[in-house]
Amino acid sequence: MSLLMPSRPIVINPDLAYSIGLNEAIALQQINYWLKETTSGLERDGVRWIYNTNEQWLEQFPFWSESTLKRTFTRLKNLGVLKIEQLNKSQRDMTNYYTINYESELLDEVKVTKSKGSNCTLPSGQNDLMEKVKVNRSNGSKRTAVIRSKWPDVLTENTTESTTENKTPICPVASQPDPEVLITDNAILVLTHLNQVSGSRYQKSKTSLENIRGRLRDGYSVDDLKLVIDLKHEHWSGNDDQYQYMRPETLFGPKKFESYLQSASRWDSKGRPKRQDWEGQRKATDLMSFSAPDKAIPAGFRGAKS
């Protein structure tokens, strides 16, 4: 069975891939399909948002791992071409919604075309550039020439000893921000916020930053992590036994962070009430609260009061 278009293919615009990267172009084109060619999602303030779970995205990109998927979406968000928000903050549902920033210069066809036509291009850094290599025709080749091709039948390198020295990039590659450097920079912002809120003095060490970087790689934002810090500070403040856990490995560990974030989002949607007000709110909304039982014996039964 042929692998050529057995179903609707994923379309990739070469200019878009050049502008933001191959994986990013694949993902963004698919999001654009959901936004423009379907009625999925919802509209908020004149902007259409769509959503899929990670599992649903991976069904559309079966050639990616979950880590590649999250890394691609995080890079799109950092580039400013994709917006990711949790629109249902007042609910228990923490689904991510997605929309495209169509005003981004990285999606401007004219500017991208000019960049490609310049002497020094700005590739995404995801794939290597084509390289200039001296080649000549193989004398022993019996391969038929390709129709309408101006190339020799077979191209071989001029030397087999060291081809690296003969390879020169077509254009010097402009330096691109390393995703890991960006994650570390954002992790430092989170750690600085933790120190400011808690009065701690955690250093920018591997131990302090490891779990923070892990959650950022998972696709959570700096604001998500800061929100968890603010909640747990309010929750544990005044209790030394609990406040000792205001540390990176507890706040941002992979097992508890998601539940912390859900609680923090609900707390934020209620206006970030003070800790002393939590108990009163809980009792007011406690559906399990019952009035005292009525022990009076109905009339007509033995022991009933006349």
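Visitor: How do H2 and H4 lie to each other, roughly parallel or roughly perpendicular?
Guide: Happy to start there, and please keep in mind that this model is predicted. Helix H2 spans residues 22-37, and H2 and H4 pack at an angle of about 80°, with their axes 9 Å apart. Angles of 65 to 115 degrees form one class, and therefore H2 and H4 are roughly perpendicular.

Visitor: Which residues of H4 make the contact with H2?
Guide: On the H2 side, the contact is made by Asn23, Glu24, Ala27, Leu28 and Ile31. By class, the contact of H2 with H4 has five nonpolar, three polar and two charged residues. The H4 side is made by Thr68, Thr72, Phe73, Arg75 and Leu76.

Visitor: How many nonpolar residues does the contact of H6 with H8 have?
Guide: From H6, the contact uses Asn186, Leu189, Val190, His193, Leu194 and Val197. H8 brings Val222, Leu225, Lys226, Ile229, Asp230 and His233. Three residues of this contact are polar and two are charged, while the nonpolar ones number seven.

Visitor: At what angle do H6 and H7 pack?
Guide: H6 passes H7 in a right-handed crossing. Residues in their contact include Ile183 and Leu191 of H6 and Leu209 and Leu216 of H7. The axes of H6 and H7 are 9 Å apart, and the helices pack at an angle of about 115°.

Visitor: What volume does the largest pocket have, and which residues are the closest to its centre?
Guide: Good question! The volume of the largest pocket is about 1,200 Å³. A total of 42 residues line this pocket, and the closest to its centre are Gln86, Asn96, Gly219, Tyr220 and Asp224.

Visitor: Which element gives the most to the lining of the largest pocket?
Guide: Several elements give two or more residues to this lining, among them H6, H7 and H8. By class, the lining has 14 nonpolar, 13 polar and 15 charged residues. The element that gives the most, with seven residues, is H4.

Terms used. Residues are numbered from 1 along each chain as its sequence is written. This is a predicted model: local features need pLDDT of at least 70, side-chain atom pairs count only at pLDDT 80 or more; totals for chains, interfaces and linings use all residues. Side-chain values use heavy atoms; hydrogens and water are left out. On a 1 Å grid over the protein atoms alone, a cavity is a set of points where a 1.4 Å probe fits but cannot get out, and a pocket is an open set with protein on both sides within 12 Å along at least five of seven lines; lining residues have an atom within 4 Å of a point. Grid points are joined across faces, edges and corners, and a volume is the space filled by probe spheres set on the points. Helices (H or I, at least four residues) and strands (E, at least two) are DSSP runs, numbered from the N terminus. Ala, Val, Leu, Ile, Met, Phe, Trp, Tyr, Cys and Pro count as nonpolar, Asp, Glu, Lys and Arg as charged, and the others, Gly among them, as polar. Contact means heavy atoms within 4.5 Å. Axes are lines fitted to C-alpha atoms, for helices over the stretch in contact, and angles run from 0 to 180 degrees between N-to-C directions. Angles under 35 degrees count as roughly parallel, over 145 as roughly antiparallel, 65 to 115 as roughly perpendicular and the rest as oblique. A crossing is left-handed if the near helix is turned anticlockwise from the far one by less than a right angle, and right-handed if clockwise.
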